[in-house]
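Morning, everyone. I'll take you through one structure, a few residues at a time. Here it is on the screen.

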Amino acid sequence: MSGWREKLQATLADDYLEGVPPPGSRPSELDNPQLLEPPSPPLSEVELASVISSQRADVKHKFHLRKEKGKPAEPGALGTIIHLSMFDSSKLAKYEAEMLKRFGDKVSTPKGSIRVSRILEHSNANVLNFSRGNELFDLKDFVGALAMYEKAVHVPELELYALVNRGNTFKALKAFADAVACYESALELAATTSIDGRVLHSCVLNNLGATCFEGGKLDQALHYLASCSSVNPKCYLAQKNRALLHMGQAESQEAAEMRALVPAQYEMALNFHTRAMDQDWHLPHGFFAGQVFLRLETRVTADPYSIVNPPASLKNEVYHFGTNLTHVHSRHI
């Protein structure tokens, strides 16, 4: 045991290894002479211009070779160089003007007289007054639309739809009592024995609720909208108008400083808005009035955005019936 200790101590006492000189006798790297290359003298102005000119000529020569061989500038790229002509913005402007003219010709209202063939087609289908009333309604000529709907009501197969549109026209004129009378007459014609009849019945109930809501009769509006949802749970506008009704009540309660009741109204409005979003409101729905196909549409009879911060009662929507104005017997509207 004592032998290896003595050997270890002797090894630690030596500050050098076998064949290696002690640290004190080893030369330092810093003591070696440093051989520095003298800097090259700066180029004169003429020499510097000559070097830059030669480099530029070399680059131009290489690009010229690539152009002649039709190779891309990148060494590893595929394909060949395609030389494009200068962009001409006048062609694009001409194309945009032409497309704008085509679009305007398609959607603009005809300015000339109506074709005789169209008038004959509408007359044969007994929808001339009904279609003309729809055109005047969309042009906000409500008095002229009332006159056309008054004639269309006497066509048996169009009576229900003309009454609904006529009620919408009275509603747009703020004649709420006359609008309610038209809707109630339409309710008597909308039988609930068929699927289409129940849908029509719910549409009329929704219009009644929207009219009472805008007229300030909230209890009756709530009754009609609830009846509409019970007849047709998938009625989108009934859910939306009920949400607007609760929004209107929240506005009234907040104005009357009854702030404790406001959160509940907003909660119910959010609930009905969520129900409305669950319905496929964007899917088309139509009915046949004899040989004429009528599409179920929606209208906002008021002009809520003509004033600042419009009340919720002006944002209600009603159902409206439209036809194909160019091809009466077509199912595409």
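How many aromatic pairs does a search of the whole structure find? Six. Rings of Phe, Tyr and Trp (its six-membered ring) pair if their centres lie within 6.5 Å; planes under 30 degrees apart are stacked, over 60 edge-to-face, and the rest tilted.

Before I go on, the ground rules. This is a predicted model, where local features need pLDDT of at least 70 and side-chain atom pairs count only at pLDDT 80 or more, while totals for chains, interfaces and linings use all residues. Residues are numbered from 1 along each chain as its sequence is written, and side-chain values use heavy atoms, leaving out hydrogens and water.

Now, one of those pairs. A pair of aromatic rings is described by the distance of the centres and the angle of the planes. For Phe287 and Phe321, the centres are 6.0 Å apart and the planes are at 70°, so this pair is edge-to-face. Where do the two residues lie? Phe287 is in strand β1 (residues 286-289) and Phe321 in strand β3 (residues 318-322), so the pair ties together parts 34 residues apart in sequence. Strands are DSSP runs of E, at least two residues; helices are runs of H or I, at least four; both are numbered from the N terminus.

Buried or exposed? Phe287 is buried, at 2% relative accessibility. Phe321 is buried too, at 1%. The cut-offs: buried is under 20% relative accessible area, exposed over 50%, partly exposed in between, with a 1.4 Å probe and protein chains only.

β1 runs antiparallel to strand β2 (residues 292-299), with four bridges joining them. Strands pair if DSSP finds at least two bridges between them. Gly286 stands opposite Arg295 in β2. The two strands form a hairpin with two residues between them. Gly290, in the turn, has a positive phi of about 70°.

Next, cysteines. A disulfide is a pair of cysteine sulfur atoms within 2.5 Å. By that rule, the count is zero. Cys228 is in no disulfide: its nearest cysteine sulfur, that of Cys235, is 3.4 Å away. Cys228 is buried at 0% relative accessibility, and Cys235 is buried at 2%.

Last stop: His201, in helix α9 (residues 195-214). His201 is buried, with a relative accessible area of 17%. Which residues does His201 contact, leaving aside neighbours within four places in sequence? Leu187, Ala190, Thr192 and Val231. Contact means heavy atoms within 4.5 Å.
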